[in-house]
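Please consult the sequence and the structure shown below while reading.

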Amino acid sequence: MISSLQIMGIDSSHIVAVNEHHSLHGEVKDAFCQMQADAAIEGLDLQICSSFRSFDKQLSIWNRKWRGELALYTIDGEILDANTLADEEKIHAILTWSALPGASRHHWGTDFDFYDKRNVEKLGHVFELIPQEYENEGPCAELARWVHTHCDSYGFYLPYHHYTGGVAREPWHLSHRAIAQQIQSHFSADTLAEQLAKSEMLGKQSVLSCLPELIRRYTYNEGVKA
Ligand SMILES: [Zn+2]
């Protein structure tokens, strides 16, 4: 059974290497490798561009965005000035594009971002990880069509396929449904609150005041309440 430290990305003992750059939950690795092999039969190069991420890595991204060292964007991709935003606005601006430390699905080892490495390299394309690359004639579009059609038979789904008022649309983000659901059922907002309270996270008082709602809206991507 997965522990709360594993769920929050502090303990990575549930994670195994997939290749020299990426690692996933042991059972998820097997499902991914099967899907990758079957995609290869179709002539598609299914590769991971982001997989397991630790609490500290996510915390560093969060704090850099909070300080304005990394850009903040609206859902439409317009740049925001971190210094002019109220805490609550800043929280939502960050969470539209990156996860809360301890509440990233990438901590779980069940979730990863995929791309068509061969096509990107063949076209000499500067990869940005934006939806347009996964649509129409984009370098990852053919692969995305195949993955979106077949991922379910390998146990995967796309938690951020549609924008619901939570995380911006991510047609590249896959999650292993069964194991992610198991983890979700063990997820404790109280345990995460204790962890964040003793961390170096900027803006933590504002985050802690609405933590369960942030988890629901962004980690589970259940959108804004009607
Ligand atoms: Zn992702």
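Which handedness does the crossing of α8 and α10 have?

## Basis of the description

This is a predicted model, in which local features need pLDDT of at least 70, side-chain atom pairs count only at pLDDT 80 or more, and totals for chains, interfaces and linings use all residues. Residues are numbered from 1 along each chain as its sequence is written.

## Packing of α8 and α10

The crossing of α8 and α10 is right-handed; a crossing is given this term if the near helix is turned clockwise from the far one by less than a right angle, and is left-handed if anticlockwise. Helix α8 spans residues 189-197 and helix α10 residues 211-219; they pack at an angle of about 110°, and their axes are 10 Å apart. Axes are lines fitted to C-alpha atoms, for helices over the stretch in contact, with angles running from 0 to 180 degrees between N-to-C directions. The two helices are therefore roughly perpendicular, a term for angles of 65 to 115 degrees.

On the α8 side, A189, L192 and A193 meet L211, P212 and I215 of α10. Contact requires C-beta atoms, placed from the backbone, within 7 Å. By class, this contact has six nonpolar, no polar and no charged residues. Ala, Val, Leu, Ile, Met, Phe, Trp, Tyr, Cys and Pro count as nonpolar, Asp, Glu, Lys and Arg as charged, and the others, Gly among them, as polar.

## Domains and their contact

The chain is divided into domain 1 (1-53 + 105-187) and domain 2 (55-103 + 188-221), with bounds from an automatic or database domain assignment. Their C-alpha centres lie 22 Å apart.

Between the domains, 18 residues of domain 1 are in contact with 17 residues of domain 2. The domain 1 side has eight nonpolar, eight polar and two charged residues.

Note on methods. Two residues are in contact if their C-beta atoms, placed from the backbone, lie within 7 Å. Helices (H or I, at least four residues) and strands (E, at least two) are DSSP runs, numbered from the N terminus. Angles under 35 degrees count as roughly parallel, over 145 as roughly antiparallel, 65 to 115 as roughly perpendicular and the rest as oblique.
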